[in-house]
Amino acid sequence: MVTGILTDFQAYAQRTGSDPANQKTRQNYGEWRATAHPDQTLLWPPARNGPCWCDSGREYKKCCGTPAKN
């Protein structure tokens with residue numbers, strides 16, 4: 001998963017001369033963001049015994065990895 005903020009996306013679209021409403025622009029932004037900021041890219045799904053992506057501090061399998069218990 002790649003996260004970003006709207007102002008960063010808008011700057012990317014303006015810098016590349018792309019239409020922000022176009023789905024391909026959003027896809028290209030995600031690919032650029034994953035390459036430019038790999039430290040901010042989250043693998044999906046998280047490792048079963050790894051920390052949950054929701055920042056709860058719990059293991060994935062004991063948090064969002066068990067939706068029936070949530």
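A: In α1, the residues Asp8, Phe9, Tyr12 and Ala13 are buried, where buried means under 20% relative accessible area, exposed means over 50%, and partly exposed lies in between (1.4 Å probe, protein chains only). Seen down the axis of α1, these buried residues fall within an arc of 135°, so they line one face of the helix; the arc is that of the directions from the helix axis to the C-beta atoms. The face of α1 turned away from that buried side carries the exposed residues Leu6, Thr7, Gln14 and Arg15. Helices here are DSSP runs (H or I, at least four residues), as strands are (E, at least two), and they are numbered from the N terminus.

Before going further, note that this is a predicted model, in which local features need pLDDT of at least 70 and side-chain atom pairs count only at pLDDT 80 or more, while totals for chains, interfaces and linings use all residues. Residues are numbered from 1 along each chain as its sequence is written, and side-chain values use heavy atoms, with hydrogens and water left out.

Within α2, Thr25, Tyr29, Gly30 and Arg33 are buried. Gln23 and Thr35 are exposed residues carried on the face of α2 turned away from its buried side.

What joins Arg33 and Asp8? They form a salt bridge, with the closest N and O atoms 3.1 Å apart; the term stands for a side-chain nitrogen of Lys or Arg within 4 Å of a carboxyl oxygen of Asp or Glu. This pair links distant parts of the chain, since Arg33 is in helix α2 and Asp8 is in helix α1, 25 residues apart. Both partners, Arg33 and Asp8, are buried. A search of the whole structure finds two salt bridges, and another pair to look at is Lys61 with Glu59, whose side chains meet in a salt bridge at 3.9 Å, N to O. Here Lys61 counts as partly exposed at 25% relative accessibility, and Glu59 counts as partly exposed at 30%.

Let us now follow the chain beyond α2. Pro38 lies in the segment after α2 and is exposed, with a relative accessible area of 53%. Although Pro38 and Val2 are 36 residues apart in sequence, they are 8.9 Å apart in space, C-alpha to C-alpha. Asp39 also lies in the segment after α2, and at 65% relative accessibility it counts as exposed. The C-alpha atoms of Asp39 and Gly50, eleven residues apart along the chain, are separated by 16 Å.

Leu42 is another residue of the segment after α2, and it is partly exposed, with a relative accessible area of 37%. Its C-alpha atom is separated by 18 Å from that of Asp8, 34 residues away along the chain. Met1 lies in the segment before α1 (6–16) and is partly exposed, with a relative accessible area of 40%.

Asp55 likewise lies in the segment after α2 (23–36), and at 71% relative accessibility it counts as exposed. Its phi is near 65°, a positive value in a residue other than glycine. Most residues other than glycine have a negative phi.

Finally, a search of the whole structure finds zero disulfides, a disulfide being a pair of cysteine sulfur atoms within 2.5 Å. Cys63 is buried, with a relative accessible area of 2%, whereas Cys54 is partly exposed at 33%.
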